[in-house]
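Work through the exercises below with the sequence and the 3D structure at hand. Each task is followed by a solution in steps.

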Amino acid sequence: MTTPSTTSSRWRALTRHHLFWPVAVLVLLLLVNVPFTPDFFSIKMADGHLYGSLVSIVLFGSPLILVAVGMTLVIATGGIDLSVGAVVAITGALACSYISDQSDQSALSGVLLAMGLGLLAAVVCGLWNGFLVARMGIQPIIATLIIMVAGRGVAQLITDGQIITINSSPYKLIGGGYWLTLPFSIFVVAAVVAVTVVLTRRTALGLLVEAVGGNAEASRLVGIRSRRIKIMVYMFCALCAGIAGLMISSNTSAADGNNAGLWIELDAILAVVIGGTSLLGGRFSVGGTVIGALVIQTLTTTIYTIGVPTQTNLVFKAAVVIAVCLMQSPKFRAKVFGARFGAKGSTTPAAAPADTAATEAAPKMEVS
Amino acid sequence: MLNRRNFLTAAVGVAAAGGLAACAKKDDSSTGSTSAGGTKAITLGFSQVGSESGWRSANTTSVKDAAKKAGYNLKFSDAQQKQENQISAIRNYIAQKVDVIAFSPVVVTGWDAVLKEAKAAKIPVVLTDRSVETSDDSLYVTLVGSDFTDEGRRAARILEKVLTKAGHKGAVKIAQLEGTTGAAPAIERAKGFKEIMDAEHKDDWKIVVSQTGDFTRAGGKQVMAAFLQSNPDVNVLFAHNDDMAIGAIQSIEAAGKKPGKDILIVSIDGVKDGFVAMSEGKINAIVECNPLLGPQLMDVVKKVKDGVAVERWIKTKEGDFMQDQAKAALPSRKY
């Protein structure tokens with residue numbers, strides 16, 4: 001109320017940054033844990049590596065971040081990929097069943113071959129999705145549904161409906177091991193995110209992806225090979241899902257064709273949305289998606305630590321997600337906080353609706 | 001807009017997964033062993049739930065093997081988790097005039113109509129593994145299966161032994177990893193355990209945290225990691241199945257604690273990997289939930305066919321295993 005107008009305008013600039021709301025939600029969720037777990041933020045050494053809630057969140061959230069990053073690009077082209085969960089299951093099943101057949105499960109060459117095999121299968125799935133969407137013109141939701149359903153069957157076939165347990169120390173590193181006292185998966189995620197950001201923001205690829213998502217036909221007419229771009233993003237998404245599949249199976253040293261990556265596609269889509277990428281395509285934010293995935297993982301951990309009764313887990317989760325989505329909606333914010341947010345710092349109350357209209361037309365401007 | 005699209009995605013995904021899952025699973029052949037010569041062999045129609053877990057596969061194998069051994073003509077069908085598949089399988093068995101129908105119901109309710117048809121055709125029905133709710137008790141002869149509540153009680157009993165053996169003193173702070181929310185084994189195992197705890201250990205035992213791990217390793221691992229943060233003083237873990245315990249063990253180790261020593265672990269099921277963990281000293285005791293009910297089922301079928309009276313609920317033969325028995329029992333674990 002007594003805030004000087006400079007601070008106020010800085011605050012306004014901050015709140016309008018596309019990552020402001022996702023980060024705010026993440027911080028809020030982390031803080032909620034403190035009364036229940038006083039040493040929530042403490043990180044200590046245990047067994048030769050860092051240990052603490054924050055480390056667990058990143059460790060268990062890694063597969064989701066990977067899948068969501070791949071999903072971001074697919075969604076940026078106006079598509080959607082429902083098959084990622086099945087791809088996770090197939091990759092893990094293939095890699096683990098290959099390793100379990102080896103006489104020396106810890107042999108590095110065998111493990112690398114198994115991983116290559118799994119990732120190859122993942123990329124083939126992505127190629128198939130891209131082919132159906134870009135070449136056959138099938139709706140992405142239907143095209144990827146095929147592998148979502150059939151793929152899990154394939155994974156069950158590979159594992160024979162059983163859980164394959166392996167005992168391989170190099171394989172365990174990817175999703176459950178530690179390097180330089182940090183979970184190794186953090187490095188994998190960092191590498192994938194870095195490569196994605198560099199490829200999409202330091203080269204024209206990102207622009208091309210957004211152009212295809214904005215208007216595939218128009219981008220084709222200006223000379224962009226939109227079909228090729230689409231096939232590429234589906235392959236990239238499947239590759240990310242494949243790496244996530246290796247991580248998930250490595251984390252428990254077991255391939256579970258029935259449950260590995262089950263419903264991860266929905267969490268990934270949610271992470272993308274929380275991160276501020278429009279489901280209509282044409283714009284995306286990889287940074288936002290990473291935050292979005294961390295929000296979802298933190299929410300899961302929060303449910304476990306604050307002792308929400310089992311039966312109310314899903315309701316609690318849904319309530320938080322609804323709240324997050326509403327907070328992200330400029331229209332909702334204008335309605336609820338409109339008077340305060342709009343009038344403060346600006347002398348003309350009309351600025352608020354104008355702002356809202358502008359942000360609505362271009363929901364999340366991308367800068368990262 | 002975003003929300004609606006997201007919701008649509010979710011809804012379509014869920015519907016499709018349910019609707020099309022059947023296509024993905026491999027089809028089981030519906031032929032069994034050929035009938036043995038001499039006297040007319042008993043024809044048994046068996047409808048299985050599906051093939052959703054290792055436990056279930058072991059169950060299917062046990063039924064098929066036992067039927068072969070007994071020389072029965074087994075007609076087997078896999079319902080792929082869908083009640084309508086199971087109902088049409090049962091109708092087929094009625095049309096084929098099999099001697100006895102056995103099935104493991106996908107869900108609890110909605111069986112009255114088809115069971116009345118079986119009764120009208122004078123074909124006795126035996127349930128396996130899971131029970132049904134009917135308005136008329138005469139619709140099925142008996143249930144061959146586990147008593148989940150009793151498994152919970154046995155878990156509490158064996159925990160007493162584990163505590164004595166470990167020389168544990170002071171408060172027993174229990175973390176519970178529940179099965180899938182709403183599933184009968186999860187509800188009843190928790191109930192049985194609590195029953196003994198409330199009756200005899202009201203002062204010294206306490207479940208300090210309890211959360212679902214969805215019967216999976218990944219679930220058990222993640223939930224246990226969070227438990228160890230929010231309740232570092234937990235000293236007993238009660239897991240509703242072995243897989244969750246195996247996942248939890250990894251989290252306990254990551255926290256720098258020793259599973260089986262710093263945190264005593266009791267779980268239910270008795271799958272092979274559970275026994276492996278127990279022989280390594282990481283699980284303290286396992287309460288068996290036996291899927292190998294084939295031989296018992298064949299006995300019951302014979303009795304029912306011959307018109308011998310049988311009990312209403314024939315409980316599967318199950319054992320409780322402590323660590324010292326793990327190594328000896330390990331080679332005999334089939335699943």
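Two strands count as paired if DSSP finds at least two bridges between them. The model is predicted.

**Exercise 1.** Determine the strand order of the open sheet in chain B, and state which strands stand at its edges.

Solution. Step 1: the open sheet of chain B has 6 strands, in the order β7-β6-β8-β9-β10-β12, with mixed pairing. Step 2: β7 (205-212) and β12 (320-322) of chain B each have a single partner strand, so they are the edges, and one side of each has no neighbour in the sheet. Step 3: on average, neighbouring strands of this sheet are turned by 15° against each other, direction ignored.

**Exercise 2.** Describe how β6 and β8 of chain B are joined, and which helix packs on β6, β7, β8 and β9 of chain B.

Solution. Step 1: β6 (residues 172-178) and β8 (residues 236-239) of chain B run parallel and are joined by 4 bridges. Step 2: B:Leu177 stands opposite B:Ala239 in β8(B). Step 3: the helix touching β6, β7, β8 and β9 of chain B is α6 (residues 184-200) of chain B, whose direction makes about 165° with that of β6(B).

**Exercise 3.** Classify the crossing of helices α9 and α11 of chain A and list the contact residues.

Solution. Step 1: the axes of α9 (residues 205-214) and α11 (residues 226-252) of chain A come within 10 Å and cross at roughly 105°. Step 2: angles of 65 to 115 degrees count as roughly perpendicular, and α9(A) and α11(A) are therefore roughly perpendicular to each other. Step 3: α9(A) contributes A:Leu208, A:Val209 and A:Val212, and α11(A) contributes A:Ser226, A:Ile229, A:Lys230 and A:Val233. Step 4: these contact residues divide into 5 nonpolar, 1 polar and 1 charged.

Definitions and conventions: Residues numbered from 1 in each chain as written. Chains lettered and ligands numbered in written order. Predicted model: local features only at pLDDT ≥ 70, side-chain atom pairs only at ≥ 80, totals over all residues. Helix = DSSP H or I, 4+ residues; strand = E, 2+ residues; numbered from the N terminus. Axes fitted to C-alpha atoms, helices over the stretch in contact; angles between N-to-C directions. Contact = placed C-beta atoms within 7 Å. Parallel < 35°, antiparallel > 145°, perpendicular 65-115°, else oblique. Nonpolar A, V, L, I, M, F, W, Y, C, P; charged D, E, K, R; others polar.
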